[in-house]
Amino acid sequence: MDTLFHISLPCNDVKATKSFYKNNIGATIGRYNNNWVDINLYGHQITFTNAGKFNFNNPNYVFEGKILPSFHFGVILEEKIWEIILNKLKSQKLNLVTQTTFLKGKPGEHTSFFIKDPNDYMIEFKCFGNSKEIFSK
């Protein structure tokens with residue numbers, strides 16, 4: 001079995017969260033009820049639990065001249081799948097943030113974009129030119 005990742009996060013509205021991940025991102029929905037939902041994001045489990053308003057007071061940081069959210073999560077995809085999801089989200093006229101290539105010409109070069117979900121979480125979608133460089137220094 002490949003190692004999978006799980007994270008549980010508070011959300012404002014389970015129904016809106018479920019709809020966004022299914023209809024906008026194209027993720028599949030796992031178990032759910034009125035208070036929580038499991039999202040299958042490319043084989044990784046995200047559980048969103050209805051917790052009402054919350055605030056992480058998350059500042060941004062600068063990397064290679066780009067302002068990035070310090071609190072975010074995401075997935076690393078093969079380039080073809082990354083392009084499909086990018087084009088799907090663009091066609092829905094959703095607000096993509098910081099679509100760029102990082103570490104150009106260096107180990108770990110990758111292309112990335114962010115999108116905000118209904119809970120104000122920033123989701124990063126990455127693809128690496130060479131997947132063996134994901135953890136390169």
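Two strands are said to pair here if DSSP finds at least two bridges between them, and strands (E, at least two residues) and helices (H or I, at least four) are DSSP runs numbered from the N terminus. The model on screen is predicted, so local features need pLDDT of at least 70 and side-chain atom pairs count only at pLDDT 80 or more, whereas totals for chains, interfaces and linings use all residues. Residues are numbered from 1 along each chain as its sequence is written, and side-chain values use heavy atoms, with hydrogens and water left out.

Select residues 28–32 and 36–41, which are strand 2 and strand 3; the two run antiparallel and are joined by three bridges. Within this pair, look for T28, whose bridge partner in strand 3 is N40. Now widen the selection to the open sheet of four strands, where the order is 1-4-3-2 and the pairing is mixed. At its edges stand strand 1 (6–11) and strand 2, each of which pairs on one side only. Neighbouring strands of this sheet are turned by 25° against each other on average, direction ignored; for such angles, axes are lines fitted to C-alpha atoms, for helices over the stretch in contact, and the values run from 0 to 180 degrees between N-to-C directions.

Centre the view on T47, which lies in strand 4. Is T47 buried or exposed? With a relative accessible area of 11%, T47 is buried, a term that stands for under 20%, while exposed is over 50% and partly exposed lies in between (1.4 Å probe, protein chains only). Leaving aside residues up to four places away in sequence, T47 touches H6, I7, S8, L9, V37 and D38.

Strand 8 and strand 9 run antiparallel and are joined by five bridges, and V97 stands opposite F114 in strand 9.

Show the side chains of F20, Y21, F48, F73 and Y121, which form one aromatic cluster. Rings of Phe, Tyr and Trp (its six-membered ring) pair if their centres lie within 6.5 Å, and planes under 30 degrees apart count as stacked, over 60 as edge-to-face and the rest as tilted. The whole structure holds seven aromatic pairs. The ring centres of F20 and Y21 are 5.2 Å apart with the planes at 85°, so this pair is edge-to-face. F20 is buried at 8% relative accessible area, and Y21 is buried at 0%.

Move on to F73 and Y121, whose ring centres are 6.1 Å apart and whose planes stand at 65°, so this pair is edge-to-face. F73 lies in strand 7 and Y121 in the loop between strand 9 and strand 10, so the pair ties together parts that are 48 residues apart in sequence.

Notes. Contact means heavy atoms within 4.5 Å.
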